[in-house]
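Please look through the sequence and the structure shown here before reading on. The paragraphs below then lead through a few selected places in turn.

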Amino acid sequence: MKKVAVLFHDGFEEVEALSVVDIMRRANVECTMVGMDKLEVTSSHQIKIKMDQIYDGLDNYDAVVIPGGMPGASNLRDDSRVIDLVKQFNHDGKIIGAICAGPIVLQEADVIKGKTVTCYPGFEEQLIGSNYQETLVQRDENIITGKGPAAALAFGYTLLEALGCDSSVIKEGMQYTYLEKNI
């Protein structure tokens, strides 16, 4: 079974983080909400979420996800454990997802130089050496980035597909196929 970890620090964006958790769990992918320092983390909109566990290494995971939100993304960027983890996942060719402001973590870990990425408007200037694209979701090898809250579902499905899972049944069940047909 594939394993995904979503990392949380205070100030995370709820839609971006929890949409990934929801999609993974619907697809029967083990998805763990990991609080970097505590079991109850507060979102950027003051919503308290109970984590599955506190960070203690993620060696046996297939993917790591960095949600956006401020100051959540900055808190993750400034956590050396997160930077070391992202560097190790990249070295191992494991999937790394970052959405909204989250790609600033990938910049700090120096894993997006030469990579095609997207992010929330205004943060692209911080993604030095990458190839920024004005897209909803962008995948470049093991790196998957999303633009912001509106990209959360597409970002989650792209992560699911990168894990080798068929997202079509989940998309259908969540009525996403209706959205795709009517946009």
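**A walk through the model**

V4 is buried, because its relative accessible area is 1%, where buried means under 20% relative accessible area, exposed over 50% and partly exposed in between, computed with a 1.4 Å probe on protein chains only. This is a predicted model, in which local features need pLDDT of at least 70 and side-chain atom pairs count only at pLDDT 80 or more, while totals for chains, interfaces and linings use all residues. Residues are numbered from 1 along each chain as its sequence is written, and side-chain values use heavy atoms, with hydrogens and water left out.

V4 belongs to strand β1, residues 3-8; helices (H or I, at least four residues) and strands (E, at least two) are DSSP runs numbered from the N terminus. Leaving aside neighbours within four places in sequence, V4 is in contact with M24, V29, E30, C31, T32, Y61, A63, V65 and L163, contact meaning heavy atoms within 4.5 Å.

In the loop between β6 (63-66) and α2 (72-77) lies P71, which is joined to M70 by a cis peptide bond with omega of about 10 degrees.

C100, in the loop between β7 (95-99) and α4 (103-108), is a residue other than glycine with a positive phi, near 65 degrees, and it counts as buried because its relative accessibility is 9%. E141, in the loop between β10 (137-140) and β11 (143-146), is likewise not a glycine and has a positive phi, near 55 degrees, but E141 counts as exposed because its relative accessibility is 58%.
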